[in-house]
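Visitor: I would like to go through this model term by term. Please show it, and start with what the words mean.

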Number of protein chains: 2
Amino acid sequence: MSHQYHFDVTMSCSGCSGAVNRVLSKLDGVSKLDISLEKQSVDVVTNLDYDTIYNTIAKTGKKINDGKIVA
Amino acid sequence: MSHQYHFDVTMSCSGCSGAVNRVLSKLDGVSKLDISLEKQSVDVVTNLDYDTIYNTIAKTGKKINDGKIVA
């Protein structure tokens, strides 16, 4: 089953957003990934649960300001 | 027993180096941490093993260009 999650993440440069992209891309089960440095946002479509995605982003050391299940 | 490890890590901004600092600071058993954005380096004194430190840095999504056990 596919879920959609949205996170507000502090990313200061393309190195920051690239790092978040790298760790999420490596996960098996992520079907869509939209990371915006401009919007400071991370949108994920996946069959993985919310906590798995949250924890993967948290382990990058980036600050997660908000997170929610969109669908 | 205390070990010293050195890593060359690609960090583009203070957000990048801050993220690496955050995840390593959270580890129990890291007694000294020296992260330089200018030198693109991460130096760690810890009683944890090399792989634990390596994997923690790898999970930030930053590129590790080199790593070695100094002492």
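Guide: Buried means under 20% relative accessible area, exposed means over 50%, and partly exposed is in between. Keep in mind that this is a predicted model.

Visitor: Why is B:Q40 called partly exposed?

Guide: Its relative accessible area is 26%. Buried needs under 20% and exposed needs over 50%. The value for B:Q40 falls in between, so the residue is partly exposed. B:Q40 sits in the loop between β2 (30-36) and β3 of chain B.

Visitor: What makes the phi of B:Q40 worth a remark?

Guide: The angle is positive, about 55°, and B:Q40 is not a glycine. In chain A, A:Q40 has a phi near 55°, again a positive value in a residue other than glycine. A:Q40 lies in the loop between β2 and β3 of chain A.

Visitor: How do you know whether A:S36 is buried or exposed?

Guide: Its relative accessible area is 14%. The cut-off for buried is under 20%, so A:S36 is buried. This serine belongs to strand β2 (residues 30-36) of chain A. Beyond its neighbours within four places in sequence, A:S36 contacts A:M11 and A:S41.

Visitor: What does the side chain of A:S36 have to do with A:K39?

Guide: A polar atom of that side chain lies 2.9 Å from the backbone nitrogen of A:K39. A polar contact requires a pair of N or O atoms within 3.5 Å.

Visitor: Which residues have the most contacts inside the largest nonpolar core?

Guide: They are A:F7, A:V42, B:F7 and B:V42, in a core of 32 residues. In both chains, β1 (3-9), α1 (14-26), β3 (41-46) and α2 (50-58) each supply at least two residues of this core.

Visitor: How much area is buried between chain A and chain B?

Guide: About 930 Å², with carbon and sulfur atoms giving 52%. Each chain brings 13 residues to the contact.

Visitor: How many salt bridges does the rule find across this interface?

Guide: Zero between chain A and chain B. Four residue pairs are in polar contact there. On the side of chain A that touches chain B, α1(A) gives the most, with five residues. By class, that side has five nonpolar, four polar and four charged residues.

How values were computed
Residues numbered from 1 in each chain as written. Chains lettered and ligands numbered in written order. Predicted model: local features only at pLDDT ≥ 70, side-chain atom pairs only at ≥ 80, totals over all residues. Heavy atoms only, no water. Core = buried A, V, L, I, M, F, W, Y, C linked by side-chain atoms within 4.5 Å. Buried < 20%, exposed > 50% of the residue type's maximum accessible area, 1.4 Å probe, protein only. Helix = DSSP H or I, 4+ residues; strand = E, 2+ residues; numbered from the N terminus. Contact = heavy atoms within 4.5 Å. Buried area = accessible area lost by both parts, 1.4 Å probe. Salt bridge = Lys/Arg side-chain N within 4 Å of Asp/Glu carboxyl O. Polar contact = N/O pair within 3.5 Å; in protein donor to acceptor, adjacent residues only side chain to side chain. Nonpolar A, V, L, I, M, F, W, Y, C, P; charged D, E, K, R; others polar.
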